[in-house]
Amino acid sequence: MPSPMFLVTIVNYFLIAYVIFVQRRNTAATWAWIVAMAFLPIFGFLLYLMGGQDVRKQRVFKGKYESDVQMHETYRELNLGADEGDIIHGNQLTLYYDGKTKFDALLEDIANAKEYIFVQYYIFRGDEIGRRLVRKLAERAMDGLDVRLLVDGTGCYFTPKGTYAPLVSGKGRLGLFMPPFLMRLNYRNHRKLAVIDGEIAYLGGSNIGKEYLGMSERFGFWRDSHMRLTGGAVNPLTLRFIMDWNFSVKNKLDKLEVSPKYFKNNDPNLNQAPESGSSIQIVSSGPDTRDPHVLHGFCEMIMAAKKSIYIQTPYFVPDDALFTCLRIAALRGVDVRIMYPGKPDHPFVYWASSSYMGELMCAGVKGYEYIEGFIHCKTVMIDSEICAIGTANMDVRSFKINFETHAFITDAKTTLELEQSFIEDMKDCRALDFESYERRKRTVKIRESVSRLFSPLL
């Protein structure tokens, strides 16, 4: 009679074979899951079911992809304005560098809304900040506005359902993007955007909760970047919300139509004056797109850089393509600077980031660890001319697993403002030194090596 351990080993071999031959994954991710399953028989496969399947992704999001394509076609047929990926001129931007300023501005715009309010967040806490926003949304819904709040199922897993009660008991609508199943780790809607009357939009890194306003004892000051925009670039963000909303709600009566009433920037002459305002491309990617468009945008910016590249990100776990672009840029003399938290919320991610940064510093990249509080910005600035701000981190999860939206901006004034903010943030950083990095303790090297091995899963 075979021993239980022998049977477990045989079953585990079959499960590993399944991962290799049935799931067509990135090679690095495949090896990471094989190692996890080898060290954690059976349990490793359970983790894989929670966070590593591709078959389910293809089945679930094929329908969303086809639906989104149809909505894009309807949008263009109705000539409702510029679409995602188009360069849209003449936009006006306001930048926010902390959550409180952005939150106050959002509340004011909601208070002044006249027709509709669409709000979408990855994390929406049930604390005093979340409840305050819900009360304001519910109040405007009772005024007769079309008010919709879309939150991510996993990001809001611990948010009490009662948080949304004032909204859903009134005339507002609530959508849950991919309700959690066994704390689903992947395919999270990581977007943070709001659209008001088709005329104003918000996009950036700040979620809804006390910590994002710097009111958390654990993190202290919370450094973030968010923007308010008006102009033609509002339209593709409106369309993006409609597509995500329709995927999330099951009742056909709750679905939104692609209609002129939601798109106010459909004047064909809007894009005829590139000399005024900011030129913006709205780019989205996720499991429902065939290519990692946001990653491609970052790589294109970095490869075109001639003088400088400034990057701020809370998580720095680049894939091979981005890592190679950064290394080549530094080797050809571009001033490459990368800033990430020195007080991490995820130690494994921090150690993996340190490993990648060490290799990049060898090529001439300058690294900075933010220690004043927690830095959550998702910004890239190139040559004082082009910048990007949005929801995607510099990690594999944002590039290939989660739903993200980023704005790529051609505007020297905006880019210079973000660069100056970066330089000010350097005063609150610990500058990394390659010689000191080389002298780090053996235990630190082991942590980095293990974390980097599993970095495709982080």
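The model is a predicted one.

Start with the aromatic rings. The whole structure holds 25 aromatic pairs. Take Tyr 212 and Trp 222. Their ring centres are 4.8 Å apart, and their planes meet at 70°. Planes over 60 degrees apart count as edge-to-face, so this pair is edge-to-face. The two residues come from distant parts of the chain, 10 residues apart. Tyr 212 sits in the loop between β6 (200-204) and β7 (222-230), while Trp 222 belongs to strand β7. Are these two residues buried or exposed? Tyr 212 is buried, and Trp 222 is buried too.

Now look at Tyr 310 and Phe 422. Their ring centres also lie 4.8 Å apart, but the planes are at 20°. Planes under 30 degrees apart count as stacked, so the pair of Tyr 310 and Phe 422 is stacked.

Ring pairs link Phe 61, Phe 177, Tyr 187, Phe 247 and Phe 403 into a cluster.

Arg 132 lies in helix α6 (residues 128-142). With a relative accessible area of 39%, Arg 132 is partly exposed.

Which residues form the nonpolar patch? They are Phe 348, Ile 446 and Val 450, and together they have about 270 Å² of accessible area. Phe 348 is part of helix α11 (residues 347-362). Its relative accessible area is 45%, so Phe 348 is partly exposed.

Finally, check the backbone. Met 178 is not a glycine, yet it has a positive phi of about 50°. Its place is the loop between β4 (173-177) and β5 (193-196). Buried means under 20% relative accessible area. Met 178 has 9% relative accessibility, so it counts as buried.

Ser 384 is not a glycine either, and its phi is positive, at about 60°. This residue lies in the loop between β14 (379-382) and β15 (386-390). Why does Ser 384 count as partly exposed? Its relative accessibility is 21%, and partly exposed covers the range between buried, under 20%, and exposed, over 50%.

Definitions and conventions
Residues are numbered from 1 along each chain as its sequence is written. This is a predicted model: local features need pLDDT of at least 70, side-chain atom pairs count only at pLDDT 80 or more; totals for chains, interfaces and linings use all residues. Side-chain values use heavy atoms; hydrogens and water are left out. Helices (H or I, at least four residues) and strands (E, at least two) are DSSP runs, numbered from the N terminus. Buried means under 20% relative accessible area, exposed over 50%, partly exposed in between (1.4 Å probe, protein chains only). Rings of Phe, Tyr and Trp (its six-membered ring) pair if their centres lie within 6.5 Å; planes under 30 degrees apart count as stacked, over 60 as edge-to-face and the rest as tilted. Patches are made of residues with over 30% relative accessible area and no salt bridge: like charges are joined within 9 Å, nonpolar side chains (Val, Leu, Ile, Met, Phe, Trp, Tyr) within 5 Å. Accessible areas come from the Shrake-Rupley method with a 1.4 Å probe; for residues, only the protein chains shown count as cover. A salt bridge is a side-chain nitrogen of Lys or Arg within 4 Å of a carboxyl oxygen of Asp or Glu.
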